[in-house]
Amino acid sequence: MKSLTFLTCLVLFFFLSSLAKAQDNTEEKLNLPGDNLNLYAVMKLFQESETLEGFEMKLNAEDSKINNLDLNNDDRIDYIRVIDNVDGEVHTIVLQVAVTERENQDVAVFTVEKDASGHVLIQLIGDESLYGKDYIIEPNYEDNSSSGSTPNPGYTGKTKIIDGEQVVVVNTSPATVSTWHVVTYLYLPTYTIWRSPWYWGYYPPYWNPWRPYYWDYYYGYHSHYNHYYHGHYRPTHHYSYSHWNDHYYNGHRSTSVTVYQHRQTGAYNKTYSRPETRSQGSAEFRKRNPDYGRPAVKPGNNNSTRPGNRPGTTNTKERPTGRPGTNNTNERPTARPGTNSTKERPTTRPGTNNTIERPSTRPAISKPPIHAEPGRQDSRPANQPAARPATGNPGSKRDVVQPGNRQENRNSGAKQNVNQPAPRQSTSSPSARPGNSRPAPSPAPARQTSSPKQSKPQNTERPNR
């Protein structure tokens, strides 16, 4: 008996659950023509637009998949035009469809109202012929009293439940709404009232109507945005614009007899006849938006102990010391090419053509010791080897090779070439050229030469080193 009771309760529980789920699904649709134009998606597009002309263009774009209206029932999407009716600081922006050559039907209306403090209130109101009475969408304002609206029973605070899932509510304020690009555009001093120039039979060149989708396909596509729609906007039944009835509803509203007749005959009911297309619409959304809903950065990617450097990271702990482009002077090699370090600068004077470059840090070459001539004052630094003695006649004057100039100095009849390195300019007298400030050499004693050819003055051939 107990098992039978338990089984009965279990069956009843599943039945009630399925019934509640079915009720949730029916709440997503109104069984009215407005089901094929999601006003939450329209509000989101309006917030992201910069001008009314751009808003109209995107609203009628096939890629946006927002407009799915076919009010004249000709199996082609209807073009929605945008018309702004200005009343002081209030803009009533009408979304309208030319059903026939003589009939227009209002679909929805934006009311944009700016108060004396610069705060802006926005509402999107669906026409009662398509959405029923008092179907209004507005942003989630921080304070209900700021918009003058009554508390929404479905509004619980920071989070709310949508389709059985918890949705984070993003609150805003009238001051924040005033910074939307399209709102700033509406209140510019240079703003020209926008009234769409297109009408029945005359449409923009980019307009190419397509066949409407079944409602379940349309809902399956937009259901992925429900977290955003219900997190940023909310339904209400209060009109923030106090002159709504006398200015718009009784003054500018347009209705179509054709739409009324189609509703009475049930011509719009066929759009709900293919529930199996809901999964196709969902698959189309995933195909077009493969990264939607995924976090931009995976957890753990900022771990500084991870080996290697990923492109775009600024982790300098793993950067190699010789990586080009770094400004870390502690890791810069001491012999980096292209630097102006004076420690590695050679002792030769810059700009000379002297091919015998002897850096100060170059180790001494092991050669037989060479002694300077007696009585000659050597101005060469101590770290350079002494001058090589002449191999010619000791009594004759020698030619000196100047830096950058190999022209011989002819001071006597005896010619003798000596491959003598150029001395470095003395630091005590910068203006003096090397070799010209030396005192006159004293006569050197005669040396014993090993070759009798050295006494011949006509030999100008340079001996090999």
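**Close-up views of a predicted model**

**View 1. Arg76 in its loop.** Arg76 is found in the loop between α3 (52-59) and β1 (80-87). Helices (H or I, at least four residues) and strands (E, at least two) are DSSP runs, numbered from the N terminus. This is a predicted model: local features need pLDDT of at least 70, side-chain atom pairs count only at pLDDT 80 or more, and totals for chains, interfaces and linings use all residues. Residues are numbered from 1 along each chain as its sequence is written, and side-chain values use heavy atoms, with hydrogens and water left out. Arg76 counts as partly exposed because its relative accessibility is 38%. Buried means under 20% relative accessible area, exposed over 50%, and partly exposed in between (1.4 Å probe, protein chains only). Leaving aside residues up to four places away in sequence, Arg76 touches Leu69, Asp70, Pro209, Trp210, Arg211 and Pro212. Contact means heavy atoms within 4.5 Å. Arg76 and Pro212 lie 136 residues apart in sequence, yet their C-alpha atoms are 6.2 Å apart.

View 2. Strand β4 (residues 120-126) is largely enclosed by the rest of the structure, because 7 of its 7 residues are buried. Val120, Ile122, Leu124 and Gly126 point one way from β4. Leu121, Gln123 and Ile125 point the other way. In a regular strand the side chains alternate between the two faces of the sheet. Strand β3 (residues 104-114) runs antiparallel to β4, joined by 7 bridges. Two strands pair if DSSP finds at least two bridges between them. Val109 has Ile125 of β4 as its bridge partner. β3 and β4 form a hairpin with 5 residues between them. In the turn, Gly118 has a positive phi of about 90°. β4 also pairs with strand β5 (residues 135-139), in the antiparallel sense, over 3 bridges. Here the bridge partner of Gly126 is Tyr135 in β5.

**View 3. Helix α8 under cover.** Helix α8 is largely enclosed by the rest of the structure, because 8 of its 8 residues are buried. These are Trp215, Asp216, Tyr217, Tyr218, Tyr219, Gly220, Tyr221 and His222. The cover over them includes α2 (39-48), α9 (226-232) and α12.

View 4. In α12 (residues 278-288), the buried residues are Gly281, Ser282 and Phe285. Seen down the helix axis, they fall within an arc of 100°, so they line one face of α12. The arc is that of the directions from the helix axis to the C-beta atoms. Helix α8 is part of what covers these buried residues. On the face turned away from the buried side sit the exposed residues Ser279, Arg286 and Lys287.

**View 5. A nonpolar surface patch.** Tyr199, Trp200 and Tyr202 form a nonpolar patch on the surface. Together they have about 340 Å² of accessible area (Shrake-Rupley method, 1.4 Å probe; for residues, only the protein chains shown count as cover). Patches are made of residues with over 30% relative accessible area and no salt bridge; like charges are joined within 9 Å, nonpolar side chains (Val, Leu, Ile, Met, Phe, Trp, Tyr) within 5 Å. A salt bridge is a side-chain nitrogen of Lys or Arg within 4 Å of a carboxyl oxygen of Asp or Glu. Tyr199 sits in the loop between α7 (181-186) and α8 (215-222). Tyr199 counts as partly exposed, because its relative accessibility is 43%.
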